[in-house]
Amino acid sequence: MALKLFVDNDVILKLAQYGILEHLTALFTGPVDLIALDSAKYKLLPKRDRLELCKTEVVASRVQAFLDTAVPASSEPVDVELLERLNGSPGIDTGEALLFSAAASAENARVLTGDKRALTGLVELLDTHCAQLLAGKIIMLEALLQGFTQIDPGHTQYVVRL
């Protein structure tokens, strides 16, 4: 069974800016399914100004290539009760709630995020059921960068420091 990686917009953008997004699956063994929010293309590549967040066409192209290969998060089953609880938590937006609840519902899944505000929102829920469902399923951006550093320390340090 493939590992399902639920990738938040902040991770997509940051890894694209570093030029390492296309190597994300190298951090994991075995088959990987990349899953992104349906809204990612509208948030990260808005029609009014495709470069608003990406800043360069190169980064925008990397984001677009990633989104072209990713499965929409809406096609994944979710725990509706958990989704409602997450949506009610300050600090967790609707997209993050969807990613967390879909990952909680999947057997072999991880959420990749760099959003500390959302993690604070999870902690503030004080919900042991939620904590059990997501235990070991959240990987922070910093941990991903550490993984890239183990694969190619010189290159990773170079692109992060640019």
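The model is predicted: local features require pLDDT of at least 70 and side-chain atom pairs pLDDT 80 or more, whereas totals for chains, interfaces and linings use all residues. Residues are numbered from 1 along each chain as its sequence is written, and side-chain values use heavy atoms, with hydrogens and water left out.

Ser-101 belongs to helix α5 (residues 94-105); helices (H or I, at least four residues) and strands (E, at least two) are DSSP runs numbered from the N terminus. With a relative accessible area of 0%, Ser-101 is buried, where buried means under 20%, exposed over 50% and partly exposed in between (1.4 Å probe, protein chains only). Setting aside residues up to four places away in sequence, Ser-101 touches Val-78, Asp-79, Leu-82, Leu-83 and Leu-86, contact being defined as heavy atoms within 4.5 Å.

## The parallel sheet

Five strands form an open sheet in the order β3-β2-β1-β4-β5, with parallel pairing. The edge positions are taken by β3 (71-72) and β5 (138-140); each has a single partner strand, so one side of each lacks a neighbour in the sheet. Two strands pair if DSSP finds at least two bridges between them.

Strands β1 and β2 are joined in the parallel sense by five bridges. Leu-3 has Val-32 of β2 as its bridge partner, and Val-7 has Ala-36 of β2. Strand β2 (residues 32-36) also pairs in the parallel sense with β3, over two bridges, and here Ala-36 is partnered by Pro-72 of β3. Four of the five residues of β2 are buried, so the strand is largely enclosed by the rest of the structure. Strand β1 is likewise mostly covered, with four of its five residues buried.

Val-111 is located in strand β4 and is buried, with a relative accessible area of 1%. Apart from neighbours within four places in sequence, Val-111 is in contact with Phe-6, Leu-99, Phe-100, Ala-103, Lys-137, Ile-138 and Ile-139.

Thr-113 also lies in β4 (residues 109-113) and is buried at 1% relative accessible area. Its side chain makes a polar contact of 3.3 Å with the side chain of Asp-8. Beyond four places in sequence, the residues touched by Thr-113 include Asp-10, Val-11, Leu-119, Met-140 and Leu-141.

Val-11, in helix α1 (residues 9-18), is buried at 0% relative accessibility. With residues up to four places away excluded, Val-11 touches Leu-112, Thr-113, Gly-114, Leu-141 and Leu-144. The C-alpha atoms of Val-11 and Leu-144 are separated by 9.2 Å, although these residues stand 133 residues apart along the chain.

## Helices across the sheet

Helix α3 (residues 57-69) lies across β1 (3-7), β2 and β3 and runs at about 115 degrees to β2. Helix α8 lies across β4 and β5, at about 70 degrees to β5. Axes are lines fitted to C-alpha atoms, for helices over the stretch in contact, and angles run from 0 to 180 degrees between N-to-C directions.

## The α8-α9 contact

The axes of α8 (residues 141-151) and α9 (residues 153-161) come within 5 Å and cross at roughly 135 degrees. This makes α8 oblique to α9; angles under 35 degrees count as roughly parallel, over 145 as roughly antiparallel, 65 to 115 as roughly perpendicular and the rest as oblique.

Leu-145, Phe-148, Thr-149, Gln-150 and Ile-151 of α8 meet Pro-153, Thr-156 and Val-160 of α9. The residues of this contact comprise five nonpolar, three polar and no charged. In this division, Ala, Val, Leu, Ile, Met, Phe, Trp, Tyr, Cys and Pro count as nonpolar, Asp, Glu, Lys and Arg as charged, and the others, Gly among them, as polar.

Lys-55 occupies the loop between α2 (40-44) and α3 and is exposed, with a relative accessible area of 59%. Lys-55 has a positive phi of about 75 degrees although it is not a glycine. Most residues other than glycine have a negative phi.

Key:
Polar contact = N/O pair within 3.5 Å; in protein donor to acceptor, adjacent residues only side chain to side chain.
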